[in-house]
Amino acid sequence: MSTIKDVAKLAGVSVATVSRIINDSPNVSPATRKKVERVIKEINYQPNQVARTLYQKKSRMIGIIIPDLNNRFYAQIIDGIQSILQKKGYSALISFSANSNKKNYLNFINEFQKNNIDGIITAAFDMPAALNLATPLVMYDSANIDDNVARIVSDNIKGGKDCISLLQNQATRVMIQHWPLRLPTVRERVESLVNELNKLNIPYILKKVSENDPEKAAQEVLKKSNRFDAVIAVNDIYAAEIIKEAQRRNLKIPADFQLIGYDNNVLCEYTTPTISTIDQQPKLIGQTAARRLLDLINGKKSSQNSIINVIPIKRNSTY
């Protein structure tokens with residue numbers, strides 16, 4: 001594989017001159033530029049993007065971290081991010097399967113910085129206060145935390161209230177699936193759910209489930225099917241698994257229990273019954289995160305949180 005040194009040697013110029021030509025610097029004579037470009041074409045030299053960014057003030061690259069590539073919610077966020085960044089001439093490096101592992105996030109951030117990226121858009125995680133990060137950073141899918149981080153916040157409080165409103169006062173005991181409550185977004189939504197149920201004097205059960213095993217979670221929830229008449233699932237994927245498990249046990253939804261998902265995943269319209277859910281507007285989350293990051297890159301230092309509205313969607317899994 002040819003290197004920039006090979007180009008410089010064959011063209012009879014310095015490596016720095018080749019780099020300036022690759023990066024379209026005006027400080028090169030037309031004759032030298034023509035000679036170097038001819039050598040590049042002859043040996044089919046492909047510039048290393050990482051190396052060339054070392055000679056630029058900006059790399060025009062953004063690092064994106066997502067927890068789970070299998071969840072379409074995050075794919076839609078990426079779509080929103082890209083719809084803004086591409087128009088501004090930025091490309092993206094994407095790291096995924098971070099889940100809720102803080103070590104994964106820190107490793108990904110470290111790798112991004114090695115690649116001289118201009119900014120980072122990451123799912124929310126517990127970022128150490130001692131982390132001295134010079135690169136602009138925006139967190140999405142975050143709780144409404146007041147600190148010096150620019151956060152894109154789905155309105156989890158309204159989301160909890162909207163879940164209860166979808167039940168239309170037809171529930172007498174509610175099962176709430178949740179991931180670890182140490183996760184701020186989970187805690188924020190669950191607290192809102194519990195507050196609403198307490199106001200209505202409706203008993204509830206909290207059921208912690210695995211982050212990566214919706215099938216097992218559905219089995220565990222339905223072991224106690226006689227103890228509730230409504231389930232609020234972690235998200236739509238978990239809700240779909242509950243439907244499958246209910247069918248296996250000959251339980252009818254919503255006759256035996258109502259079911260609510262979260263995210264408005266496209267699969268909600270393809271299950272039987274279709275799933276009532278909460279639309280978090282993930283594309284708008286991504287677009288907002290991208291705009292906020294571009295503002296930071298351009299010197300606008302506001303860390304005020306951006307709150308994204310959520311929308312309840314009524315389908316056949318509730319009355």
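Guide: The side chain of glutamate 188 makes a polar contact with that of asparagine 156 at 2.8 Å; a polar contact is a pair of N or O atoms within 3.5 Å, where within protein one must be able to donate a hydrogen and the other to accept it, and residues adjacent in sequence count only if both atoms are side-chain atoms. This is a predicted model, in which local features need pLDDT of at least 70 and side-chain atom pairs pLDDT 80 or more, whereas totals for chains, interfaces and linings use all residues. Residues are numbered from 1 along each chain as its sequence is written, and side-chain values use heavy atoms, without hydrogens and water.

Glutamate 188 lies in helix α8, residues 184-199 (helices are DSSP runs of H or I, at least four residues, numbered from the N terminus). Leaving aside residues up to four places away in sequence, glutamate 188 touches Ala143, Asn144, Val153, Asn156 and Ile157, contact meaning heavy atoms within 4.5 Å.

Glutamate 188 is buried but has no salt bridge. Buried means under 20% relative accessible area, exposed over 50% and partly exposed in between, with a 1.4 Å probe and protein chains only; a salt bridge is a side-chain nitrogen of Lys or Arg within 4 Å of a carboxyl oxygen of Asp or Glu. The nearest side chain of opposite charge, arginine 187, is 7.7 Å away.

Elsewhere in helix α8, glutamate 196 and lysine 199 stand 3 residues apart, about one turn, and form a salt bridge with closest N and O atoms 3.3 Å apart. Glutamate 196 counts as buried at 15% relative accessibility, while lysine 199 is exposed at 60%.

Definitions and conventions. Helix = DSSP H or I, 4+ residues; strand = E, 2+ residues; numbered from the N terminus. Lys, Arg positive; Asp, Glu negative; His and termini not counted.
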